Amino acid sequence: MRSKQIFFYVLKEDLVKILKSIESNFDIKYAEAGLMNERVSSIDSLASVEGIGNVDYGDWNHNKKYLLLSKSKSLQIREIPQKKGGIKYAIDQMKNEDSVVFYFGGLYKDDAIIASKIATISNTEFTKNIFKYISNYIKKNFKNVRGFYVSSGSLEKAKNGIRLTTDTNGSLDYDLVLTNSTNS
């Protein structure tokens, strides 16, 4: 399986527009992905979730991610026994192949915008359709800057000194820097 992914910088206003557009065009549900201490349940909408568009961590690897699944599919959760005892619950594409993963970025401490990502390892009809829809939406509404798509709000913030980055602890050399030609 070949994975597909698209990277972008987005603030709350544009993120909510993306989510509402997806939710109005697809019969989907979401489940927080990762290795959890307890079982999670799915939710029908992320557009009104508290704190959406803001992130807790300056490293995109540590922020929340969600599986996007068809409402007709059951969420599959793997139980992972721990060496020190107990069980953790894995919510990922391993058992939920017919899904897309939305890695949430957003504003971090008013001084950086952390990148977001949409990805899938699947090639089912559902994943092809929803990934294509989201990709086309982002490509149509955001500006391509060296392989990252940047929302208008993020562009404006970057012009005013906010970092566009995947990791605030990383070197500024790795930030997405706007040039004069990008600003036009």
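Author: Happy to! One term comes up at once: a residue counts as buried when its relative accessible area is under 20%. Please keep in mind that this is a predicted model.

Let us take strand S7, residues 99–103. Four of the five residues of S7 are buried, so the strand is mostly covered by the cut-off of under 20%. S7 has strands paired with it. S4 (65–70) is joined to S7 by five bridges, and the two run antiparallel. Strand S10, residues 116–120, also runs antiparallel to S7, with three bridges between them.

Now to the nonpolar core. The largest one has 28 residues, and Phe8, Leu19, Leu68 and Ile130 have the most contacts inside it. S7 supplies at least two residues of this core, as do S1, H1, S2, S4 and H2. The largest share, six residues, comes from H2. In soluble globular proteins, nonpolar side chains tend to be buried together.

Finally, look at the helices H1 and H2. They pack at an angle of about 145°, with axes 11 Å apart, and their crossing is right-handed. Residues making this contact include Ile18 and Ile22 of H1 and Ile130 and Ile134 of H2. By type, the contact has seven nonpolar residues, two polar and one charged.

Conventions
Residues numbered from 1 in each chain as written. Predicted model: local features only at pLDDT ≥ 70, side-chain atom pairs only at ≥ 80, totals over all residues. Heavy atoms only, no water. Core = buried A, V, L, I, M, F, W, Y, C linked by side-chain atoms within 4.5 Å. Buried < 20%, exposed > 50% of the residue type's maximum accessible area, 1.4 Å probe, protein only. Axes fitted to C-alpha atoms, helices over the stretch in contact; angles between N-to-C directions. Left-handed = near helix turned anticlockwise from the far one by under 90°. Contact = heavy atoms within 4.5 Å. Nonpolar A, V, L, I, M, F, W, Y, C, P; charged D, E, K, R; others polar. Pairing = 2+ DSSP bridges.
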